[in-house]
Amino acid sequence: MSAETEPSVTVTDVELDAELTSTGLVASADEAEYALRIGDDSLILAQQLGWWISRAPELEEDLALGNIALDLLGHARNLLHFAGTALGKTEDELAYFRDEHEFRSAWLFEQPNGDFGHTIARGLLTSAFQFELYTQLAESSSPGLAGIAAKSVKEVAYHRDHAVQWTLRLAGGTDESRSRIERALINTWPYLDELFRDDELHERFDAAPRPSALREPVMNVLRQVLAEAELDEPKTSESSGDGRHGHHSTYLGPILAEMQVLARRHPDASW
Amino acid sequence: MTTVLTPASAWRIAAEVVDPEIPVLTIEDLGVLRDVRMQDESVVVTLTPTYSGCPAMDQMGDDVILALTAEGFADVRVDFSLTPTWTTEWMSESGRQKLEQYGIAPPGPKPASGPIPVQLGVKCPRCGSLRTRSVSQFGSTSCKAHYECLACLEPFDHFKFH
């Protein structure tokens with residue numbers, strides 16, 4: 001089929017813009033930068049988790065990981081939409097038409113799915129982080145960020161519960177399952193540190209919790225889970241990842257290529 | 001018969017729109033319908049999304065527009081507002097009863113918030129037993145968990161706390 005014969009399509013901007021802008025909220029430049037960072041975290045993880053649908057070890061996990069991905073996509077849509085009010089872009093433009101160096105997600109979120117143990121270990125770290133982040137952000141002086149966080153934290157609570165239960169089950173299961181979750185935690189642990197680094201944005205923007213202030217509550221939760229699972233805390237060095245400034249690992253490019261190809265091949269396509 | 005075009009009649013019409021995935025519940029039962037007001041000649045309906053990624057929200061918005069347009073309201077707009085944050089505690093009592101009769105265990109109180117999970121008993125909507133177990137906190141839609149009853153051995157959905 002040639003490009004000329006493809007059906008003409010229109011973007012439903014009206015529907016997309018109905019959320020948030022209807023309340024008259026327009027993000028400041030700093031709010032937008034912050035929303036992009038945490039929105040990209042969720043967008044990249046949602047894209048990765050979608051791969052598991054039809055491939056998880058059991059049907060219930062196809063559904064669970066798919067539902068978690070759907071929640072994360074919802075959080076990303078809200079955050080990117082909010083950022084877009086400052087940048088004059090729709091959420092779709094931000095998701096599909098930014099290049100790799102324009103993404104602000106941390107390296108943890110672009111780490112590969114690996115085996116099921118790696119997906120669970122990554123999920124444990126991301127959900128423990130997002131739970132503390134959204135809990136604090138729900139009290140933000142920014143009504144836009146606070147509203148999104150208050151909603152998201154309720155859903156992330158279920159994501160964290162899912163990851164914790166699987167961590168305990170894998171650790172307490174067979175020698176094989178225990179060695180897999182141990183290895184996965186060792187491989188994933190180096191990417192925690194990046195989540196807790198303050199930078200110039202946080203020097204001037206006080207409507208979001210400082211990343212460094214999240215370290216202790218997040219690590220407390222992770223240590224509680226490790227203790228319950230009778231696992232040692234991995235002793236690993238820290239990743240030099242710097243996704244918040246657009247410097248990514250080799251993993252992000254292929255994730256974006258798959259996520260963006262349809263929208264770029266057929267600009268303005270809609271269902 | 002023509003409908004009188006008032007805010008009250010607009011609310012009544014919008015309130016009858018059902019959740020496309022759980023058609024025994026109206027959007028009023030769900031607590032999703034937050035506001036209906038007239039703005040000059042337009043009707044502005046405010047809905048609160050349930051789950052952030054719930055694909056039924058767009059459908060609910062479209063159905064509200066269709067229902068009001070069919071009754072003679074010419075210009076209808078649907079706004080989505082994230083605040084105040086939707087919670088299952090807004091679900092009406094009749095909504096809870098309808099859910100249970102439909103075979104879905106209605107939402108319970110806020111679960112304990114610690115990182116190590118504690119399971120609360122959920123009553124089987126078929127036999128009423130509390131001897132049930134969570135199979136997965138994620139089910140066929142964003143809002144439902146998957147349970148099984150250890151008494152009557154039937155699987156069932158539970159509308160989980162949000």
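A: Leaving aside residues up to four places away in sequence, A:Glu233 touches A:Arg223 and A:Leu226. The model is a predicted one, and these contacts are to be read as such. A:Glu233 sits in the loop that lies between α10 and α11 (252-265) of chain A. Is A:Glu233 buried or exposed? A residue counts as exposed if 12 or fewer other C-beta atoms lie within 10 Å of its own; A:Glu233 has 12 within that distance, so it is exposed. As for its distance from another part of the chain, A:Leu94 is 139 residues away from A:Glu233 in sequence, and their C-alpha atoms are 37 Å apart in space.

Helix α6 (residues 116-137) of chain A gives a view of another part of this chain. Of its 22 residues, 19 are buried, so α6(A) is largely enclosed by the rest of the structure.

Next comes the contact between the chains. Chain A contributes 32 residues to it and chain B 22 residues. On the chain A side, two or more residues come from each of α1 (13-18), α3 (59-87), α7 (143-171) and α10 (211-228). Which of these gives the most? It is α7(A), with 13 residues. Sorted by class, the chain A side holds 11 nonpolar, 11 polar and 10 charged residues.

Chain B has an open sheet of three strands in the order β1-β2-β3, with mixed pairing. Its edges are β1 (33-39) and β3 (75-80); each has a single partner strand, so one side of each is left without a neighbour in the sheet. On average, neighbouring strands are turned by 20° against each other, direction ignored. β1(B) and β2 (residues 42-47) of chain B run antiparallel and are joined by six bridges. Across this pair, B:Leu33 stands opposite B:Leu47, and B:Val36 stands opposite B:Val45. The two strands form a hairpin with two residues between them, and B:Asp40 in the turn has a positive phi of about 55°.

Helix α1 (residues 7-15) of chain B touches β1 and β2 of chain B, and its direction makes about 145° with that of β1(B). Helix α3 (residues 56-70) of chain B touches β2 and β3 of chain B, its direction making about 155° with that of β3(B).

The domain assignment divides chain B into domain 1 (7-86) and domain 2 (102-159). Taken over C-alpha atoms, the centres of these two domains of chain B are 28 Å apart. Seven residues of domain 1 of chain B are in contact with five residues of domain 2 of chain B. The domain 1 side of that contact has four nonpolar, two polar and one charged residues.

Key
Residues numbered from 1 in each chain as written. Chains lettered and ligands numbered in written order. Predicted model: local features only at pLDDT ≥ 70, side-chain atom pairs only at ≥ 80, totals over all residues. Pairing = 2+ DSSP bridges. Helix = DSSP H or I, 4+ residues; strand = E, 2+ residues; numbered from the N terminus. Axes fitted to C-alpha atoms, helices over the stretch in contact; angles between N-to-C directions. Contact = placed C-beta atoms within 7 Å. Domains from an automatic or database assignment. Nonpolar A, V, L, I, M, F, W, Y, C, P; charged D, E, K, R; others polar. Buried ≥ 20, exposed ≤ 12 C-beta atoms within 10 Å, placed from the backbone.
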